[in-house]
Amino acid sequence: MSKVAVITDSTSYIPEHIRSEKNIVMIPLNVVFDKETYKEEAEIKADDFYEMVSKEEALPKTSQPAIGELVELLEELAKNYEEAVMITLSSGISGTYQSAVAAGEMAEGIKLHVFDSEISCSPQAFYVLKAAELASEGANGYEIMNRLLEMKNNGIPAYFLVDDLNHLHRGGRLNTAQLFVGNLLQIKPILHFEDKKIVPFEKVRTKKKALKRIFDIMDEDLLPEDTVTISVIHAKREDDAVEIAEELRQKFVNADVGVSYFGPVIGTHLGEGSLGITWIKE
């Protein structure tokens, strides 16, 4: 057995069967509707979340795991592991990274390395899966952290297409005038992570043009024969995501193309109907 435990928070959205198969430990973030708190993935799934959001006037809030919960997890892992590597979502949109660092200093019997992915969802999962692979091969915590840093320095492109401007307005990211003009002109913002936060990349008119723009960016970065892992991410748009994934398989013959989703925490930022595409070269 590996001497290094691999931990992810829930926003990497790695399916339970893969976590089990690759010995990955998941700790959930929280989604708060009014006074009710739900643990993402454990107590609320994506479809239920989007249904609840559609019925509420105010957007839910999100929160990181409690430090005590993280300490408890680490001390349980200390029974079987000497070290742990935890890959968190971006510290620019959540306090999970800071909480994990604090928990690592408090927990006894185990050395915790915390890696700030500076992103979330499938790109975060790329780091988690690499860490699990290295841990299973016997790498120690420092070796795993160095490899993850190398991946980060090489870059993991990720672009998100927001479908519903009303959602961004409700979340305070667009004022009323921007909402009116955006809806009038059919603006579909393309977002990405920059300096650890979700920010606009470009404003494109119509969903079709926005998707084509992301494809153009991929063409600039990838050759058709490149060995690459691609993930198409969706918020209740599975049919569209599957269709896009199939198109990418035909376009990039050596690509491993999968479909993932925006769960409740990231769905709070982006809204139902959003799509994302991310990739990493071998």
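Helix axes here are lines fitted to C-alpha atoms over the stretch in contact, and angles run from 0 to 180 degrees between N-to-C directions. Helices (H or I, at least four residues) and strands (E, at least two) are DSSP runs, numbered from the N terminus. This is a predicted model, in which local features need pLDDT of at least 70 and side-chain atom pairs count only at pLDDT 80 or more, while totals for chains, interfaces and linings use all residues. Residues are numbered from 1 along each chain as its sequence is written, and side-chain values use heavy atoms, with hydrogens and water left out.

Let us start with a pair of helices. Helix H9 (residues 207-221) packs with helix H10 (residues 238-251) at an angle of about 30 degrees, and their axes are 13 Å apart. That makes H9 roughly parallel to H10, a label for angles under 35 degrees. Their crossing is right-handed, which is to say that the near helix is turned clockwise from the far one by less than a right angle. On the H9 side, the contact (heavy atoms within 4.5 Å) is made by Leu-211, Phe-215, Met-218 and Asp-219, and on the H10 side by Ile-244, Glu-247, Leu-248 and Lys-251. By class, this contact has 5 nonpolar, no polar and 3 charged residues. Here Ala, Val, Leu, Ile, Met, Phe, Trp, Tyr, Cys and Pro count as nonpolar, Asp, Glu, Lys and Arg as charged, and the others, Gly among them, as polar.

Now for the charged side chains. Side chains of opposite charge can pair when their charged atoms come close. A search of the whole structure finds 14 salt bridges, each a side-chain nitrogen of Lys or Arg within 4 Å of a carboxyl oxygen of Asp or Glu.

One of them joins Glu-118 to Lys-152, with the closest N and O atoms 3.2 Å apart. This pair links distant parts of the chain, 34 residues apart: Glu-118 sits in the loop between strand E7 (111-116) and helix H5 (121-136), and Lys-152 in helix H6 (residues 141-154).

Glu-51 and Lys-55 are both in helix H2 (residues 46-55), 4 residues apart, about one turn of the helix, and their closest N and O atoms are 3.3 Å apart. Glu-51 is partly exposed at 42%, whereas Lys-55 is exposed (over 50%) at 63%.

How values were computed. Parallel < 35°, antiparallel > 145°, perpendicular 65-115°, else oblique. Buried < 20%, exposed > 50% of the residue type's maximum accessible area, 1.4 Å probe, protein only.
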